[in-house]
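Subject: Structure handover

Hello,

Here is the structure we talked about passing on.

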Amino acid sequence: MKIKSIMYIFMLLVILCPNLAGCGRQAEITQSGFYFDTIISITLYDNSKTEELEHCMELADLYEHYFSAQIADSDISRINQAAGTPVKVHDETLALLEKGLYYSKLSQGKFDITIGKLTGLWDFRTDQADVPDQKKIAEAAAAVDYKKVQINGNEVTLADDAAAIDLGGIAKGFIADKMKEYLVSQGVTSGLINLGGNVLVIGTKENGQDAGGAYKIGIQRPFDETGQPIAAVQIKDQTVVTSGVYERYFEKNGRLYHHILDVESGYPYENELFSVSIICPSSADADALSTTCFALGLDQGMELVESLENTEAVFITTDYKLHGSSGIGKTIPFEALPNP
């Protein structure tokens, strides 16, 4: 068995400057840390904002302790362990759950925040990764149903203890939005938040690559361990979030098993897609939509994107072809890059 568990500092390669020497002219400050099982990095283009940068890391730690199903006393763990009794949660947890339920409903359950028991069976992080027992997969998949989450004020109840909430498909985007909201309130006008590939930019970048100061963000070439991009988009005050089969996966008996799971079958999707990248103002929306559109497949996923305002997408199919929504190359400057 060959296992692959890729952790890129930039799942989406961030191209900030025409050349490295040019970057030094900017008064930038950067801080990195390890949260949400990934490396995060925040860059601000104002070296007077060191306290604000530190506070972003404090927010990362705070929200991880609210939202992580792996931390025993988090809001989410307490809900999952409550055996159907109501649990009072923080306001931020409530807001994230409501956002997750919105996308669960919008996707008709393709994106479902009660996928926790199913994701818990699959391990893509160790050399011992293997396909779980078929019966256990079927049992866990049968328990997935976002309608079992009940909210009354700040109290949350999970009506079926065979299910479990997992916010991994939306939490990083929500946290990135909260960080940006805080930084903007503190007068930050230019910066970049990268939560393990959830890339969110603040405003425009002084001395940016085009006359308008856009950030140029590269979209990862699937399975390229060097982080080589296959395409690039230019964005201002927006986010780019990708869901791809190459992020976490293992191979067994000639078959690739990746972490984007079909809630009906319990197994990874096989729909001729390598990845979906969403470009829009909100990182939480982009986070949920990237998974939702991957689950829907190219045609239905593109149809959903085209129905939403201020939202664009780039799909990469398993033949390495790029498929952009109507605004790609028009409202969003886009460049397909040659093979290295």
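Below is what was found, starting with confidence and ending with a few single residues.

Confidence

This is a predicted model. The mean pLDDT of the protein chain is 90. A score of at least 70 is reached by 90% of the residues. Residues 1-25 are another matter: pLDDT stays under 50 there. The model still has 74 contacts beyond four places in sequence for residues 1-25. Please read those contacts with the scores in mind.

Cores

The largest nonpolar core has 86 residues. Ile-79, Leu-167, Met-179, Ile-193 and Ile-278 have the most contacts inside it. A second core stands separate and has 12 residues. Among them are Ile-115, Leu-118, Ala-129 and Phe-250.

Helix packing

Start with helix H2, residues 50-67, and helix H4, residues 91-106. Their axes lie 10 Å apart, at an angle of about 65°. H2 and H4 are therefore roughly perpendicular to each other. The crossing of H2 past H4 is right-handed. On the H2 side, Tyr-63, Tyr-66 and Phe-67 make the contact. They meet Glu-92, Thr-93 and Leu-96 of H4.

H2 also packs against H7, at an angle of about 145° and with the axes 10 Å apart. This crossing is right-handed. H2 contributes Glu-52, His-55, Cys-56, Leu-59, Ala-60, Tyr-63 and Phe-67. H7 contributes Ala-171, Phe-174, Ile-175, Lys-178, Met-179, Tyr-182 and Leu-183. Note Met-179, which is also listed for the largest core.

Val-184 sits in H7, which covers residues 171-185. Its relative accessible area is 45%, so Val-184 is partly exposed. Val-184 and Asp-237 are 53 residues apart in sequence, and their C-alpha atoms are 11 Å apart.

The E16-E17 loop

Two residues here deserve a check. Thr-318 lies in the loop between strand E16 (312-317) and strand E17 (322-324). Thr-318 counts as partly exposed because its relative accessibility is 38%. Which residues does Thr-318 contact, leaving aside neighbours within four places in sequence? They are Glu-272, Leu-273 and Phe-274. Glu-272 is 46 residues from Thr-318 along the chain, yet their C-alpha atoms are separated by 5.2 Å.

Tyr-320 is in the loop between E16 and E17 too. Tyr-320 is not a glycine, but its phi is positive, near 65°. At 36% relative accessibility, Tyr-320 is partly exposed.

Other loop residues

Ala-83 also has a positive phi, about 55°, without being a glycine. Ala-83 belongs to the loop between helix H3 (75-80) and strand E5 (87-88). Is Ala-83 buried or exposed? Ala-83 is exposed, because its relative accessible area is 55% and the cut-off for exposed is over 50%.

Lys-110 is in the loop between H4 and helix H5 (116-121). Lys-110 is partly exposed, at 26% relative accessibility. Beyond four places in sequence, Lys-110 contacts Val-263, Glu-264, Tyr-269, Ala-295 and Leu-296. Gly-197 is 87 residues from Lys-110 in sequence and 22 Å away in space, C-alpha to C-alpha.

Best wishes

Note on methods. Residues are numbered from 1 along each chain as its sequence is written. This is a predicted model: local features need pLDDT of at least 70, side-chain atom pairs count only at pLDDT 80 or more; totals for chains, interfaces and linings use all residues. Side-chain values use heavy atoms; hydrogens and water are left out. A nonpolar core is a set of buried Ala, Val, Leu, Ile, Met, Phe, Trp, Tyr and Cys residues joined through side-chain atoms within 4.5 Å. Buried means under 20% relative accessible area, exposed over 50%, partly exposed in between (1.4 Å probe, protein chains only). Helices (H or I, at least four residues) and strands (E, at least two) are DSSP runs, numbered from the N terminus. Contact means heavy atoms within 4.5 Å. pLDDT is the predictor's confidence in each residue, from 0 to 100. Axes are lines fitted to C-alpha atoms, for helices over the stretch in contact, and angles run from 0 to 180 degrees between N-to-C directions. Angles under 35 degrees count as roughly parallel, over 145 as roughly antiparallel, 65 to 115 as roughly perpendicular and the rest as oblique. A crossing is left-handed if the near helix is turned anticlockwise from the far one by less than a right angle, and right-handed if clockwise.
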